[in-house]
Structure formats: structure tokens, C-alpha cells
Amino acid sequence: MDRMPAWADAVLVPLISIILAAFLSALVILAIGENPIEAFKLMVEGALMKSSGWGYTLYYATNFMFTGLAVAVAFHARMFNIGGEGQAMIGGLGVALVCLYIPFPHWALALIAATLGAAVFGAAWAYIPAILQAKRGSHIVITTIMFNFIAAAVLNYVLVNMLRPKGAMEPATAGFPEATHLPTFFDMFGSPENPLFRSAPANVTFFIAVAACIAVWVLIWRTRLGYEIRAFGHSETAAKYAGISPTRIIVITMLISGGLAGLMALNTTMGEAERLVLNAPEGAGFIGIAVALMGRSHPFGVFLAALLFGFLYQGGAELAFWANIPRELVTVIQALVILFTGALDNMVRMPLERLFLALRKDS
Amino acid sequence: MTFFAKTLGTVAALALSAGAALADPALIYDLGGKFDKSFNEAAFNGAQRWAEETGGSYRDIELQSEAQREQALRRFAEAGFNPVVTTGFSMSSPIAAVAADYPDTKFVTIDGFVDPGEHPNVLSILFSEHEGSYLVGMMAAQASTSGTIGFVGGMDIPLIRKFACGYAQGAKAVNPDATVIANMTGTTPAAWNDPVKGSELAKAQISQGADVIFAAAGGTGLGVLQTAADEGILSVGVDSNQNYLHPGKVLTSMLKRVDVAVFESMTQGADLETGVKVLGLAQEGVGYALDDNNAALVSDDMKAAVDAAREQIIAGDLAVHDYTSDDSCPALNF
């Protein structure tokens with residue numbers, strides 16, 4: 001076996017990547033004349049040392065879990081779904097329609113219906129690229145990314161011309177009715193005397209995201225369909241030979257992937273904004289790619305990577321608040337982490353692999 | 001810095017603001033960012049002017065995501081900043097959500113609207129963009145020899161249609177047969193910063209006969225102004241005075257004094273009068289720019305006609321239709 005141990009693959013490689021990224025970020029912060037240690041302290045304090053900071057970190061992490069899982073599921077079938085952004089936008093439309101037009105007596109019912117709405121709309125948006133790939137061989141990377149733009153245009157049209165309340169300036173729907181407001185972490189864990197998670201947007205959707213992680217694990221490793229998806233991903237010809245229909249696998253995988261991306265809208269649209277705004281996913285669909293890469297397409301890895309990116313987002317906000325670090329630089333720091341953990345994965349992996357092999361030969 | 005020290009700081013800041021109104025103001029820019037050469041930058045300039053003239057200091061932040069809107073408002077309010085000034089209509093819903101939790105903090109939403117009955121500590125500042133656009137529309141129609149003028153908008157939202165509608169009404173008031181070509185750059189926020197597309201739209205309008213083009217498109221407008229100057233036709237700038245960008249080629253600029261709104265809010269400080277303030281021609285919140293760069297382009301007749309219309313609008317004798325009042329425009333079809 002010329003492979004390195006699993007723990008090194010799962011833990012050591014991402015860890016080294018993050019340390020490298022952190023080191024480069026520190027150099028960048030030094031270069032603009034700020035203190036990197038102070039900056040790091042600000043990030044940790046703002047994102048992890050207070051319950052409201054955790055509230056934001058987990059809120060962002062929830063988004064990234066959904067989109068990360070969406071990309072990961074498609075990865076298992078060797079498909080690159082970069083349309084998470086568009087699928088999440090259209091998923092938001094599903095959430096908005098459900099919340100605005102069905103009178104719900106209780107948020108739990110609204111949540112179930114909105115979950116269905118988000119998943120169905122997101123899946124439907126992924127269905128078209130999937131069927132084009134399966135039947136016509138149009139490359140999924142090209143079609144899904146183009147569908148992001150179409151989704152933005154569709155959403156803009158619907159918001160401006162149909163769902164926007166009369167006289168309102170912003171292309172957004174009216175606020176959702178009171179009964180559809182999801183309980184936030186503050187409602188669940190805090191009280192006026194104990195202001196845990198006060199005013200943070202993390203909400204009950206977080207638990208749905210965790211449940212989705214478990215469900216994806218069961219699907220991929222414990223069901224027949226998951227086995228077929230992985231088999232198809234490893235070799236299309238072998239899968240065909242074994243009687244697995246490529247069309248069926250491509251379409252079903254993309255439907256699951258799109259549905260997961262759509263679910264993200266529960267968090268942003270129903271949980272946080274309580275109305276549908278333009279550009280609600282805010283790039284989380286693309287961050288999902290980095291999350292899935294970093295999490296090695298494993299739901300637990302996706303969970304951890306999502307937490308890390310949640311920390312980066314919330315910590316980055318804190319930097320912008322209290323340090324004289326411009327917004328663009330916060331993006332640079334986030335981008336460095338993505339670059340090292342996602343794109344430059346092999347740069348760390350290969351030398352490490354060689355090191356482990358050399359050590360093994362010696363012993 | 002420990003949590004304890006931070007809390008102490010917050011308490012101290014709160015105590016100060018309660019006692020002598022010494023709190024610093026804070027400014028929150030919309031997602032377009034601080035240096036967009038347009039709307040947000042005007043706000044920044046107003047704040048800078050305030051800081052230079054009073055020697056005071058303020059804190060500002062550029063937002064990165066929707067979720068940060070409420071977060072930024074709360075963090076600044078909790079840290080004792082007062083007033084908290086925000087730009088962009090997208091801030092009004094978050095302000096409505098948090099204002100009640102911080103009754104001692106004054107919030108300002110520029111371009112947004114928050115019901116003053118529900119939230120007595122919020123000042124909504126709105127501009128009558130249609131009135132200013134009406135005036136530059138008149139000037140455009142007078143300067144045009146072909147009878148065709150153009151409009152390039154940024155993102156296709158009601159606010160920009162309000163600009164276009166006022167512009168078309170002004171043009172039709174001067175020349176009822178004038179043709180107004182209106183194009184929007186896009187449907188996503190990227191449309192605010194796409195000078196190449198702006199340039200293409202300007203070229204397309206020129207080929208349809210337009211010889212004056214009004215750009216209300218943020219950074220995209222820079223491409224429109226450049227192309228107009230290159231092709232030898234006139235353009236109209238927006239928000240800030242953009243006449244200097246191409247001297248002698250920019251007919252005028254539709255001014256929207258976001259900087260004045262920020263400056264005055266910061267000057268009033270914690271004693272800010274809240275409610276709804278509409279800055280129109282009468283309040284000099286909007287207007288047209290006249291300086292050395294375009295003096296040769298604006299004839300005396302033009303100036304007289306525009307100033308007469310201005311007086312009429314201020315006096316209430318001339319009503320310019322506001323697109324956002326009923327989502328339709330009598331002078332222009334979108």
C-alpha cells in the first residue's frame with residue numbers, strides 16, 4: 001500500500017495548508033502596517049470567544065454546510081456542480097413562495113413546507129443541466145455556471161415585477177408573516193437574564209444542516225443508490241457494465257445536489273432576513289466548492305470545513321469593524337485559505353506522501 | 001484586549017454619550033464599497049469634510065454580506081457610536097429591526113425609508129432624484145440637435161427608473177417629439193461597476209442617433225462618459241459633479257448631495273432631529289452642476305429655461321411624476 005495513513009490525509013494535510021495560508025496572510029497584514037497577532041486575536045475573540053460571535057460563525061457555517069454537501073455529493077459521481085449559487089437563489093424563491101402564500105399556524109409546519117419548497121426548487125434548477133449532461137453531453141461545468149446567471153436574472157425579474165411590495169424601493173419581497181419566523185439560538189438557549197446568542201442570526205436551520213450531513217453520509221456509504229453513485233464516479237464504463245444507468249445516476253445525483261444547495265435558502269431567507277432579497281446566497285455556492293474540497297467530500301469533513309469558513313467570515317467581519325484593515329484585504333485572507341486548502345491541495349499532499357513513504361521504507 | 005476591558009470601554013462610551021453627547025458618529029457603507037466613485041464615495045467625502053472641519057473622528061465600515069447589516073448596526077450602537085449613518089436603501093429594513101433595541105442611539109438611513117411613527121429614533125433622508133433628472137433632461141433636449149437623447153442606467157431597480165422617468169419628462173417638456181432611448185446595464189449589483197458595458201451601450205445609443213447621454217450608473221457611467229467624449233457627443237454625469245472628467249464634453253451633472261446629508265447628520269450629532277427629510281430642489285439636495293468646465297456648453301437660454309422650471313417645481317406649480325409612486329412613467333416605457 002503506497003498511501004499515507006488516513007489520519008494524515010484527513011487532518012494533517014488541511015492543517016498544514018491552513019498554517020501556510022495563515023502565515024501568508026500574516027505577511028500581507030504586516031505589509032499594510034498592521035499587527036498580524038492583534039488581527040488574529042480580534043478574529044478569534046469576535047468569532048469564538050462570545051456567544052453572539054458563535055451565533056454568526058454557526059450561521060455562516062450552516063450556509064457552507066449545505067452548499068459544501070451539494071458539491072460533495074456531485075463530486076462522488078465525478079460531477080462538478082458549480083451552480084450551487086443559482087440553485088440556492090431559486091431555492092430561496094421556493095422558500096419565499098411557501099412562506100408568503102400559505103398561511104401557517106406554527107413555524108414548525110412552515111419549516112417543513114419551506115424545506116420541501118427550497119429542495120424542490122433547487123433540485124428543479126439543477127435538473128435542466130443534469131438532463132442536458134445525461135442526454136446531450138453538454139458539460140455540466142459550463143451549464144451549471146451559466147445557470148447561475150440565468151437564476152440571477154430570473155430572480156431579479158420575479159422580485160422587481162412580481163413579488164416586490166408596491167412602492168418599495170428594494171428588489172425584495174415583503175417580510176414573511178410572523179408565524180413563519182424560525183426560532184433563533186437566542187430564542188432556544190438564551191433568556192433576558194442570560195443573553196446567550198443575543199441578536200445573532202444562527203437558527204434552528206443549523207440542526208437541519210447537521211441532519212443533512214448525516215443523511216448524506218448514510219446515502220453515500222450505506223445505501224444502494226450511494227454505491228451506484230460512487231461506482232459511476234470511479235468508472236462510468238464499469239458502472240455501465242454492471243447495469244447502472246448513467247442517465248439515471250447523473251440526474252438523481254444532480255437533483256440531490258441541487259436540493260441541498262436550495263436548502264441553504266432556509267437559513268438565509270427564512271432564518272435570517274425573513275424576506276427574499278436579491279443575491280441572498282452571497283457567494284456561498286462558490287465557497288461550497290472550497291468546503292467540499294477541503295472536507296475531502298466527506299460529510300464530516302464538510303462539517304469541519306464549514307465551521308472553519310464560518311469562523312473566517314465572522315472573524316473577517318470583526319477585523320473590518322475594529323481594525324483598520326480594508327474589506328478587500330479580508331477577502332484576500334479568505335481567498336488565501338481557499339487557495340491553499342482547495343486549489344493547492346496537492347502541493348502539500350505530495351511531499352507529505354513521499355515523506356510518509358520514505359519513513360515507512362526505513363522502518 | 002480582554003472582554004472585560006471592552007465592556008468597560010463600552011460602558012464608558014455609553015456614559016459619555018448619555019452625559020455630554022460626546023459620542024463619535026459611525027458610517028456604514030452599502031455593499032458597493034467606500035470607493036465607488038459615486039454614491040458611497042460621496043458619503044465618505046461628506047464624513048471626511050466633517051472630520052476636517054470639526055477635528056472629530058468617526059468610524060466606518062464597508063459591508064461584505066447581507067447578514068452584516070444588522071450586525072454592524074448593533075455593534076456600533078452597543079459601542080456607543082451616535083448617530084449611526086447608513087447609505088443605501090437596503091439598510092432601512094435592518095434599521096427598522098434594531099432601532100427599538102437602542103432607543104438612545106440615532107440612526108440615519110440615506111435613500112431608505114423607516115416609518116418615523118414606529119421608530120422615533122430614525123431619520124430617513126430621501127432625495128427627489130426625479131426633479132434633478134427633470135432639469136438635466138431639459139438641458140439634454142435643448143443641447144440635442146438630432147432630437148434623440150439617451151439614458152444609461154445601472155442596475156434595473158425602481159430608483160434608477162425614477163432617474164430615467166424624470167429625465168424623459170424634462171426632455172419631452174422642451175421637445176414633445178424628442179426620442180428618449182433608455183437602457184439598463186444589468187440586473188445584478190455588478191451593473192454598478194461595468195464601464196465596458198456602459199461604453200457599449202453608449203455606442204449603441206449613438207448609432208441610434210443619440211447625441212446627449214445621461215448615465216445614472218455608478219462606476220459604469222465612467223465608461224459612458226468616456227465613450228461620449230471619444231465619439232464627440234455630450235454626456236450628463238450623476239451624483240457628484242463629474243463635469244471635470246471630460247471638460248467641455250460633459251453637458252452637466254445631476255447632483256445628489258449625499259455628502260451634504262452625511263455632513264449635516266454628523267454635525268448635528270446625537271441631537272439629530274429624526275423623522276423623514278426629503279431633499280429636493282428647494283433644499284438643494286438635488287440639482288445640476290454648472291462650473292468652468294461646462295460653462296461654454298450651457299447657453300443663456302438653456303440656463304434661463306432650466307432655472308425657470310426649477311422655480312416652478314419649488315413653488316409647486318410644476319409636478320414631476322415620481323416613478324416609484326405608482327411604478328409607471330408617463331413619458332417613457334421600460
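Among contacts in chain B between residues at least 6 apart in sequence, 69% join residues at least 24 apart; two residues are in contact if their C-beta atoms, placed from the backbone, lie within 7 Å. The model is predicted: local features need pLDDT of at least 70, side-chain atom pairs count only at pLDDT 80 or more, and totals for chains, interfaces and linings use all residues. Residues are numbered from 1 along each chain as its sequence is written, and chains are lettered from A, with ligands numbered from 1, in the order in which they are written.

Chain B holds 11 helices and 12 strands, taken as DSSP runs numbered from the N terminus (helices H or I, at least four residues; strands E, at least two). Of its 334 residues, 59% count as buried, where buried means that 20 or more other C-beta atoms lie within 10 Å of the residue's own, with C-beta atoms placed from the backbone. The C-alpha atoms of chain B fill a box of roughly 70 × 40 × 35 Å along the principal axes. A compact globule with 334 residues would have a radius of gyration near 20 Å, so the 21 Å of chain B agrees; the radius is taken over C-alpha atoms, and the globule rule is 2.2 Å times the number of residues to the power 0.38.

An unreviewed UniProt entry annotates residues 35-314 of chain B as "domain: ABC transporter substrate-binding protein PnrA-like"; such annotations may be inferred rather than shown by experiment. The end C-alpha atoms of this span lie 33 Å apart, and the span is 41% helix and 21% strand.

Between the chains, 23 residues of chain B are in contact with 25 residues of chain A. The elements below each supply at least two residues of the side of chain B that touches chain A.

| Element of chain B | Residues |
|---|---|
| β2 | 59-62 |
| α3 | 68-78 |
| α6 | 158-174 |

The largest share of that side, 4 residues, comes from α3(B).

In chain A, helix α1 (residues 6-31) and helix α14 (residues 327-343) pack at about 150 degrees with axes 8 Å apart. Therefore α1(A) is roughly antiparallel to α14(A), a term for angles over 145 degrees. Residues making the contact include A:Leu20 and A:Leu24 of α1(A), and A:Val332 and A:Leu336 of α14(A).

Helix α12 (residues 284-294) of chain A is mostly covered, with 10 of its 11 residues buried. Among them are A:Ile287, A:Ile289 and A:Leu293. Just after α12(A), A:Arg296 takes a positive phi of about 50 degrees.

Key
A residue is buried if 20 or more other C-beta atoms lie within 10 Å of its own, exposed if 12 or fewer, and partly exposed in between; C-beta atoms are placed from the backbone. Axes are lines fitted to C-alpha atoms, for helices over the stretch in contact, and angles run from 0 to 180 degrees between N-to-C directions. Angles under 35 degrees count as roughly parallel, over 145 as roughly antiparallel, 65 to 115 as roughly perpendicular and the rest as oblique.
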